[in-house]
Amino acid sequence: MATKPQNKTYQFKLVLLGESAVGKSSLVMRFVKDHFDEYRESTIGAAFLAQTISLDDNTTVKFEIWDTAGQERYKSLAPMYYRNANCAVVVYDITQASSLDKAKAWVNELQRQADPNIVIALAGNKSDLGARRAIETKTAQEYADEAGLLFFETSAKTAENVHELFHAIAKKMPLDQLADGSRNGRNKNGLNARGVDLENAGNAANGCACKCFS
């Protein structure tokens, strides 16, 4: 009789970056809690959230998410949060042309200073405001293709492409390499992700202390 495959949870550190007011917090709140608040206060420093995605009947990806503040005065703190990150979402506002320039600067910084194997996604948020569009989809898509990024236009307000964005990131993570075994929480590419047997994981799917990150 065939043995049923064990359920596995793979945990990844994800960081959100982007200029203030592009909707980073709204985007992650839509993903984590399926909630949108029309008026949100600016994030101070960073906020921590967690959410899981089921890729199939036996595979779950858990994102441990750092939502960073976009104000310039907090920019120097960003390396604390993207250090050892496995993946990043860099967000811009499709109605603000300057926000894409800031997003490009974040991508450049990640590509210079973050883990060389980091998976980066570019998210053009506020797609529900198409009438006020200042950045064409084609422009951002061409940049994303050139820089090797995943790309989605999203709306935290309507939930358009929010789940699809994070699902695409989950599918991009090196689960096959992790399945080969890892030591000290790192796979052979140096990513600090872990495969966890759900039967012994306790609360792994429901929460994580910040000490997961070093």
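Let's start with helix H3, where Ser 99, Leu 100, Ala 103, Trp 106, Val 107, Glu 109 and Leu 110 are all buried. Keep in mind that everything here comes from a predicted model. Why do several of those positions sit three or four places apart? An α-helix has 3.6 residues a turn, so residues three or four places apart point the same way.

## The overall layout

Zooming out, the protein has 6 helices and 7 strands. Read from the N terminus, the order is β-α-β-β-α-β-α-β-α-β-α-α-β.

How much of the protein is buried? Of its 214 residues, 48% count as buried. The exposed surface comes to about 11000 Å², with carbon and sulfur atoms supplying 45% of it. Among contacts between residues at least 6 apart in sequence, 72% join residues at least 24 apart.

In soluble globular proteins, nonpolar side chains tend to be buried together. Here, the largest nonpolar core has 32 residues, and the members that touch the most others are Leu 14, Phe 63, Val 89, Leu 165, Phe 166 and Ile 169. S1, H1, S2, S3, S4, S5, S6 and H5 each supply at least two residues of this core. Which element gives the largest share? That would be H5, with 6 residues.

Leaving out residues up to four places away in sequence, Val 89 touches Leu 14, Val 15, Leu 16, Leu 17, Leu 27, Ala 121, Ala 123, Leu 165, Phe 166 and Ile 169. There is also a second, separate core of 26 residues, with Leu 17, Ala 85, Ala 103 and Ile 118 among them. Ala 103 has already come up as one of the buried residues of H3.

## Aromatic pairs

A pair of aromatic rings is described by the distance of the centres and the angle of the planes. The structure holds 5 such pairs. One of them joins Phe 48 and Trp 66, with 5.2 Å between centres and 55° between planes, and it is tilted. This pair links distant parts of the chain: Phe 48 is in strand S2, Trp 66 is in strand S3 (residues 59-68), and they are 18 residues apart. Phe 48 is partly exposed at 26% relative accessible area, whereas Trp 66 counts as buried at 12%.

Trp 66 also pairs with Tyr 81: the ring centres are 5.2 Å apart and the planes are at 45°, so this pair is tilted. Here strand S3 is linked to helix H2, where Tyr 81 lies, 15 residues from Trp 66. Tyr 81 counts as buried, at 14% relative accessibility. Separately, Phe 31, Phe 63 and Phe 166 form one aromatic cluster.

## Charged residues under cover

Buried or exposed: what is Glu 64? Glu 64, in strand S3, counts as buried because its relative accessibility is 2%, and the cut-off for buried is under 20%.

Arg 30, in helix H1, is buried as well, with a relative accessible area of 13%. Setting aside neighbours within four places in sequence, Arg 30 is in contact with His 35, Phe 36, Ala 156, Lys 157, Thr 158, Ala 159 and Val 162.

## Two positive phi angles

Most residues other than glycine have a negative phi. Asp 34 has a positive one, near 50°. Asp 34 sits in the loop between helix H1 (24-33) and strand S2 (46-56), and is exposed, with a relative accessible area of 56%.

Asn 161 also has a positive phi, near 65°. Asn 161 is in the loop between strand S6 (150-153) and helix H5 (162-172). With a relative accessible area of 25%, Asn 161 is partly exposed.

How values were computed: Residues numbered from 1 in each chain as written. Predicted model: local features only at pLDDT ≥ 70, side-chain atom pairs only at ≥ 80, totals over all residues. Heavy atoms only, no water. Buried < 20%, exposed > 50% of the residue type's maximum accessible area, 1.4 Å probe, protein only. Helix = DSSP H or I, 4+ residues; strand = E, 2+ residues; numbered from the N terminus. Contact = heavy atoms within 4.5 Å. Areas by Shrake-Rupley, 256 points an atom, 1.4 Å probe, with all protein chains shown as cover. Phe/Tyr/Trp six-rings, centres within 6.5 Å; stacked < 30°, edge-to-face > 60°. Core = buried A, V, L, I, M, F, W, Y, C linked by side-chain atoms within 4.5 Å.
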